[in-house]
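We will go through the model one selection at a time.

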Amino acid sequence: KQLYLGEYLVTERTAPEGYVQDGKQYPVSLEYAGQTVKIVTESVTVPNAPQKGTITVHKTDSETGKSVTGAAAVFEIYAKEDIVTGDGTIRYKAGELVDTLTTKEGVITTGLLYLGTYTITEVKAPEGYLLDDTPHDVTLAYGGQDVELVTESLTIENAPQMGSITITKVDAETGKPIILSP
């Protein structure tokens, strides 16, 4: 609405979806612009940071449920869909490799990621375990204007590699397998 000439402070009340609210106050001065100017117009630019998030991957043993800490696993993170911020900027294209992560002590957390859906796939299993190459989708969803960082977590299990032993009884003198005795 129209305001009287004077000094004002502009404060953002609601941030656009996908952005963190800017709580700063911005001064605006409406000053006399001459007798022929009916309405004085001033503008203010309020910057909003896009909300970001992190994903933490936990590596566990499928039999014991305990964290796999003795060896590292390697994961690749891809954009499942185009990752686009509210200003229309495509941050990552669908299928684009975003990061490669290596666990330490059975856990790894990504760097800051833009909101969207990502696919995480194990590309190297910890030594002594079978590779779980199942793609896992994780969505970083808007957490509200007061949240600077959203977090998600994913637990991926690995089955321990197993072995078997075959025993063959042989005659000590001939070296041939003993087949006539049970």
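Predicted model: local features only at pLDDT ≥ 70, side-chain atom pairs only at ≥ 80, totals over all residues.

Start by selecting residues 136-140, strand β13, together with strand β12: five bridges pair the two in the antiparallel sense. Strands here are DSSP runs of E with at least two residues, helices are runs of H or I with at least four residues, and both are numbered from the N terminus. Two strands count as paired if DSSP finds at least two bridges between them.

Residues are numbered from 1 along each chain as its sequence is written, and side-chain values use heavy atoms, with hydrogens and water left out.

Strand β6 runs antiparallel to β12, and six bridges join them. Click Glu76 to find one partner: Thr121 in β12.

Now colour residues 116-124, the whole of β12. Why is this strand described as largely enclosed by the rest of the structure? Seven of its nine residues are buried, so the rest of the structure largely encloses β12. Buried means under 20% relative accessible area, exposed over 50%, and partly exposed in between (1.4 Å probe, protein chains only).

Then move to the largest pocket, with a volume of about 400 Å³. Select Lys1, Leu3, Leu30, Val40 and Thr41, the closest to its centre of the 20 residues that line this pocket. Two elements give two or more residues to the lining: β1 (6-11) and β3 (25-30). The largest share, three residues, comes from β1. A pocket is an open set of points on a 1 Å grid over the protein atoms alone, where a 1.4 Å probe fits, with protein on both sides within 12 Å along at least five of seven lines; lining residues have an atom within 4 Å of a point. Grid points are joined across faces, edges and corners, and the volume is the space filled by probe spheres set on them.

Finally, zoom out. The protein has zero helices and 14 strands, and its C-alpha trace spans about 120 × 25 × 20 Å along the principal axes. Buried residues make up 30% of the 182 residues.
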